[in-house]
Amino acid sequence: MKAQGTVHKYGDNVDTDVIIPARYLNTSSHKELAQHCMEDIDIDFTKNVREGDIMVAEKNFGCGSSREHAPIAIKASGISCVIASTFARIFYRNAINIGLPILECEAASKEIKSGDEVSVDFDTGIITDITTGKTYQAEPFPPFIQEIISDGGLIKHVTK
Amino acid sequence: MGMTMSQKILAAHAGLPQVKAGQLIEAKLDMVLGNDITSPVAINVFNDGKAVSVFDNTKIAMVMDHFTPNKDIKAAEQCKQVRQFADKYDIKNFFDVGQMGIEHSLLPEKGLVGPGTLCIGADSHTCTYGALGAFSTGVGSTDMAAGMISGKTWFKVPSAIRFNLINKPAEYISGKDIILHIIGMIGVDGALYRSMEFFGDGLKYLSIDDRLCIANMAIEAGAKNGIFPVDDITREYIMDRFKGEAVEYTADDDAEYDEEYTIDLSALRPTVAFPHLPENARTVDEIAPTEVKIDQAVIGSCTNGRISDLRAAADVLRGKKVAKGVRCIIIPSTQSVYLQAMHEGLFDIFIEAGAVVSTPTCGPCLGGHMGILAKGERAISTTNRNFVGRMGHVESEVYLASPAVAAASAVTGYITDPAKVCEN
């Protein structure tokens, strides 16, 4: 499985309240959630994001609330992969469970810049910044996690 | 090699004699929790998975606490969806308006969690129950759905950090000051993926409410769970409450801890976390008397809405007035806390001071309702998060503190040391 797209870059401790503010949690509609994704730290995100784009951030991405609405909003907005130095643990679990690919890679998270064109190979864990020509090695997911993601999430995986 | 308290509970529920950090296990769950925001997503997943039954209708709790009493039509629809699910599957611990309280106050109070319990909840503050010697942790809605169907979930066994809390807390030092101090010290990812285990002779001075507050905010340091050993204070609290069989787990003498910290509770000072992270801790001595002017004070939440929190606020507010221009909102966390506070006359103190008292709700903590901030406004709050936009406008600010500090600040209109208000 591969992904390629333009990077939207953020810093440390991107919390679930900015990924999807609680004022929009009165719905579980994926489409509605996507319309407000990242709006408290990047008001133009929903306008700029294109299907397949990649989100890159630094440490402790997705800290805070357990709301699964956060990875859902990111995935439904078109993002194909999130790369960070580290993820908060509930977000990490939720992302896998809903089939949003994520990778931990400190060097990539520090060096890749907003607007770069990046490709990711989930089988090998290789991240390539096409804009700068640099490559990075992330730990790839074991096959069973890759299968959950490619099936579209845990429930689809266990009921297929 | 020995095991930590957390590892022992996981091993017992996985049917294994021994587990070690990093091991993947599948464990049986004693309680699966959701609220009015996370349960609808879990119910959708449950239905998508074509599930037809729950594993045990007595081991699932659904608490309508976040946007209730319904703040708008969409919130009402979400509660309706959960209510119908609870009816259909005869969920015994469904708590609607009238019975509900803030989930992490309610479950311990109702005796649904206790020593040795393994609990997952689709709410990040599920880690609260570690105060009672339980292993409990927050998960997302898909994990909640899978837990409701199978009664099991997988865990990666966490390593742990040991915190030795020593000596008697100084005056006005509560569980909140202790945990804000710790998060200030280790950072919002200082315990990422790990357990925070609390020990030391200082524990005997910490009430269950203090411990619930400390375990509650373990997640704000990134921890998987926070846990306390069971002692007489725990045993007294669970007596006549806990419906399960209490199992007390102690850490082995040779249990391995990644790091160890010792905190002298007698040396702590009232502590405030500045925007926009819980790790931005400062003591009241580091804040000038008119440095931080506030528009609102919120006293409540799963962190600090219990009876001892309300008593601490009342001790400061007794015979005083909330400053002009400050809205002081007090939210007892459950119906029984509400009744108790009413019987003790605390509401007279609050209302005569010019504060308002609300029915239990998570409300303003997550910017839901009952106290939203306008652009540029500042709140001192006994809640647990001060992220950007957490309580309202993206340009508003939240300062986290104990009930005593919040009440004292409500009186002066600025973030204030409670000792300064009470000596006058």
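How many helices and strands does chain A have? Chain A has eight helices and seven strands. Helices here are DSSP runs of H or I with at least four residues, strands are runs of E with at least two, and both are numbered from the N terminus.

A word on the source comes next. This is a predicted model, in which local features need pLDDT of at least 70, side-chain atom pairs count only at pLDDT 80 or more, and totals for chains, interfaces and linings use all residues. Residues are numbered from 1 along each chain as its sequence is written, while chains are lettered from A and ligands numbered from 1 in the order in which they are written.

Start with chain A. Its C-alpha trace spans about 45 × 40 × 25 Å along the principal axes. A compact globule of 160 residues would have a radius of gyration near 15 Å; chain A has 14 Å, which agrees. That radius is taken over C-alpha atoms, and the globule rule is 2.2 Å times the number of residues to the power 0.38. Of the 160 residues in chain A, 51% are buried. A residue is buried if 20 or more other C-beta atoms lie within 10 Å of its own, exposed if 12 or fewer, and partly exposed in between, with C-beta atoms placed from the backbone.

One residue of chain A deserves a look. A:Asn60 is not a glycine, yet its phi is positive, about 60°. A:Asn60 sits in the loop between strand E2 (54–56) and helix H4 (69–76) of chain A. A:Asn60 counts as buried, because it has 25 C-beta neighbours inside 10 Å.

Now turn to chain B. It holds 14 helices and 18 strands. Its radius of gyration is 20 Å, close to the 22 Å that the globule rule gives for 424 residues, so chain B is as compact as a globular protein of that length. Its C-alpha atoms fill a box of roughly 60 × 50 × 40 Å along the principal axes. Buried residues make up 61% of the 424 residues of chain B. Two residues are in contact if their C-beta atoms, placed from the backbone, lie within 7 Å. Among contacts in chain B with a separation of 6 or more, 77% join residues 24 or more positions apart.

Where do the chains meet? The contact takes 41 residues from chain B and 35 residues from chain A. On the side of chain B that touches chain A, helix H2 (38–48), helix H3 (73–88) and helix H5 (141–150) of chain B each give two or more residues. H2(B) gives the most, with six residues. That side of chain B divides into 18 nonpolar, 13 polar and ten charged residues. Here Ala, Val, Leu, Ile, Met, Phe, Trp, Tyr, Cys and Pro count as nonpolar, Asp, Glu, Lys and Arg as charged, and the others, Gly among them, as polar.

In the loop between E3 and H3 of chain B lies B:Pro69. A cis peptide bond joins B:Thr68 and B:Pro69, with omega about -20°.

Helix H6 (residues 175–186) of chain B is next. Eleven of its twelve residues are buried, so H6(B) is largely enclosed by the rest of the structure. B:Ile178 belongs to this helix. B:Ile178 is buried, with 26 other C-beta atoms within 10 Å. Beyond its neighbours within four places in sequence, B:Ile178 is in contact with B:Leu165, B:Ile173, B:Ile214, B:Leu265 and B:Leu268. Just after H6(B), B:Gly187 takes a positive phi of about 90°.
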